Amino acid sequence: MKIYTKTGDEGFSDVLQKRVKKSDKIFDLIGTLDKLNAVLSLAYNFCAKDEVKVEIADLQRKIVGLNGKIAGFSEFDFDVSYFEEKIDYYSEKTVGFSLYDMPQKKDSAFINLARTVCREAERTAVDIDEKNIDLIRCLNRMSDYLYAVGKYLDI
């Protein structure tokens, strides 16, 4: 199976069931989420805690689903309760840590980088459609989750 289709050679691609110029903001969002997944791959490979590795792999699958939803190719559940439960879990384990401490370990540094990329995706989502509250809330909570995980990994 060839991975090239040549359909994007003139600067357009299929998204939301139409041909869209590759410089459209929607591709900034999709590309930023791709970047987030790449950074999460680094975090996964440097992660010292197996329970977090499982969560990172699950989050990567969710991001693929989210990108499919954004592109109009699949469904995705924007339920943020998973992130909220995990944030609460990790926050209980990191009581006393300063919100402003910088990451000290490799795995937490990569998670922190992932958090900043997630925030970039959130800003792009707001720029595209500030009324898409479900998507914005999902990205906001995802970045909060990544922050909490990073603090936990620094213990």
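Select Arg119 first. At 24% relative accessibility, Arg119 counts as partly exposed. The model you are looking at is predicted: local features need pLDDT of at least 70, side-chain atom pairs count only at pLDDT 80 or more, and totals for chains, interfaces and linings use all residues. Residues are numbered from 1 along each chain as its sequence is written, and side-chain values use heavy atoms, with hydrogens and water left out.

Stay on Arg119. Arg119 sits in helix H4. Helices (H or I, at least four residues) and strands (E, at least two) are DSSP runs, numbered from the N terminus. Which residues does Arg119 touch, not counting residues up to four places away in sequence? They are Asn140, Ser143 and Asp144. A contact here means heavy atoms within 4.5 Å. Arg119 and Gly150 are 31 residues apart in sequence, and their C-alpha atoms are 15 Å apart in space.

**Helix H4**

Next, select residues 106-128, which make up H4. H4 has 23 residues. From first C-alpha to last, H4 reaches 33 Å, close to the 33 Å expected at 1.5 Å a residue. That expected span is 1.5 Å times one less than the number of residues. Colour the buried residues of H4, among them Ile111, Asn112, Val117, Cys118 and Ala125. What covers the buried residues of H4 includes H1, H2 and H5.

**Helix H1**

Move to residues 25-46, helix H1. Its 22 residues should span 32 Å at 1.5 Å a residue, and its end C-alpha atoms are 32 Å apart, which agrees. Zoom in on the start of H1. There, a side-chain oxygen of Asp24 reaches to within 2.9 Å of the backbone nitrogen of Ile26. Now show the buried residues of H1, including Phe27, Leu29, Ile30, Leu33, Leu36 and Leu40. What covers the buried residues of H1? The cover includes strand E1 (12-15), strand E2 (18-21), helix H2 (50-71), H4 and helix H5 (133-153).

Select Asn67, which lies in helix H2. Is Asn67 buried or exposed? Asn67 is buried, with a relative accessible area of 10%. Leaving aside neighbours within four places in sequence, Asn67 is in contact with Leu29, Ile30, Leu33 and Asp34. Look at Ile30 in that group. The backbone oxygen of Ile30 lies 3.2 Å from a polar atom of the Asn67 side chain. A polar contact is a pair of N or O atoms within 3.5 Å; within protein, one must be able to donate a hydrogen and the other to accept it, and residues adjacent in sequence count only if both atoms are side-chain atoms.

**The nonpolar core**

Step one residue back, to Leu66. Leu66 touches Leu33, Phe76, Phe78, Leu135, Leu139 and Met142, not counting residues up to four places away in sequence. A nonpolar core is a set of buried Ala, Val, Leu, Ile, Met, Phe, Trp, Tyr and Cys residues joined through side-chain atoms within 4.5 Å. The largest such core has 42 residues, of which Leu33, Leu36, Leu40, Leu66, Leu139, Met142 and Leu146 touch the most other members. H1, H2, helix H3 (81-93), H4 and H5 each supply at least two residues. H5 gives the most, with 11 residues. In soluble globular proteins, nonpolar side chains tend to be buried together.

Now pick Ile133 in H5. Ile133 counts as partly exposed, at 42% relative accessibility.

**The E1–E2 loop**

Select Leu16, then Gln17. Leu16 is found in the loop between E1 and E2, and Gln17 lies in that loop too. Most residues other than glycine have a negative phi. Phi of Leu16, however, is near 50°, and Gln17 has a positive phi of about 60°. Leu16 is partly exposed at 43% relative accessibility, whereas Gln17 is exposed at 75%.

**Zoom out**

Show the whole chain. There are 5 helices and 2 strands, in the pattern β-β-α-α-α-α-α along the sequence. Along its principal axes the C-alpha trace spans about 55 × 35 × 25 Å. Of the 155 residues, 39% count as buried.

Notes. Buried < 20%, exposed > 50% of the residue type's maximum accessible area, 1.4 Å probe, protein only.
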